[in-house]
Amino acid sequence: MTPEDPDSLVRALAWAHPTWMLLSISAVVVALRHGLRLRRARLAGVRRAPELRRRHLIVARPAVVAILVGFALGPTSAVALRGFEPFDTFHGAVGVAVAALFASAAWLGQRIAHGRSRAQGLHALLGALGVLLSALAAVAGFVLLP
Ligand code: HEM
Ligand code: HEM
């Protein structure tokens, strides 16, 4: 990549959102695995390890922030670097659903963490649907790669 070759610089920059998202999705998968272990313990009526709850929070909070930052990067990159119309793709529509699911899961998770809600089942459902749809977003995003 050289300054005389601006096209390759733009192409390289357009990889920022996909790469960022791949890492962010890996982090929410880790958060989901911790969450599912907490859920199994809750449903079995056995004590949930405080260490596991702590690890869930340590991973889940930054993971959701990373997803939301990446969500903003998507259309920015699509419009500024690729010349797309904003939110004009199937991937973009799935992306909106993913962002909404994780934002709601995180909001509810915060309430549960502070003892203001006991809706663990709904929190788990929102988080799991978020992971499922982000896998669909990843597949739908591959056809858009530069
Ligand atoms: C800001 C982000 C988040 C916060 C503050 C949060 C917080 C919490 C808290 C406090 C619990 C209850 C732990 C316990 O019962 O001891 C929990 C459970 C759980 N979380 Fe999260 N969470 C967040 C994000 C996520 C995400 C992104 C996922 C999935 C990808 C997820 C999946 C789960 C699951 C499956 C459970 C178990 C629910 C059950 O017992 O049925 N969480 N979370
Ligand atoms: C590995 C997973 C993903 C890949 C490979 C990927 C790939 C892409 C690509 C190639 C673009 C076009 C812009 C560019 O070239 O930089 C794009 C745009 C976009 N992405 Fe992703 N993406 C992924 C995950 C996600 C996720 C999880 C979300 C939502 C949270 C998301 C939301 C968006 C949005 C909203 C756009 C703008 C699309 C439009 O305006 O129609 N992406 N993505």
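**View 1. Helix 3 is the top contributor to the shell around ligand 2, giving six residues.** This is a predicted model, so please read each view with that in mind. In total, 31 residues surround the ligand, and the closest are Gly74, Ser77, Gly92, Gly95 and Gly141. Two or more residues each come from helix 2 (16-44), helix 3 (50-80), helix 4 (90-113) and helix 5 (120-142). Sorted by class, the shell around ligand 2 holds 20 nonpolar residues, nine polar ones and two charged ones.

**View 2. Helix 4 runs for 24 residues and spans 34 Å from its first C-alpha to its last.** That reach is close to the 34 Å expected at 1.5 Å a residue. Just past the end of helix 4, take a look at glycine 115, which adopts a positive phi of about 70°.

**View 3. The buried residues of helix 4 pack against helix 3 and helix 5.** Among them you will find Gly92, Gly95, Val98, Ala99, Leu101 and Phe102. Further along helix 4, Ala105, Ala106, Leu108 and Gly109 are buried too.

**View 4. Valine 94 is a residue of helix 4.** Valine 94 counts as partly exposed because it has 19 C-beta neighbours inside 10 Å, while a buried residue needs 20 or more. Setting aside neighbours within four places in sequence, valine 94 is in contact with Leu133, Leu136, Ala137 and Ala140. Proline 75 lies 19 residues from valine 94 in sequence, and their C-alpha atoms are 13 Å apart in space.

Notes
Residues numbered from 1 in each chain as written. Chains lettered and ligands numbered in written order. Predicted model: local features only at pLDDT ≥ 70, side-chain atom pairs only at ≥ 80, totals over all residues. Near = placed C-beta within 6 Å. Helix = DSSP H or I, 4+ residues; strand = E, 2+ residues; numbered from the N terminus. Nonpolar A, V, L, I, M, F, W, Y, C, P; charged D, E, K, R; others polar. Expected span 1.5 Å × (residues − 1). Buried ≥ 20, exposed ≤ 12 C-beta atoms within 10 Å, placed from the backbone. Contact = placed C-beta atoms within 7 Å.
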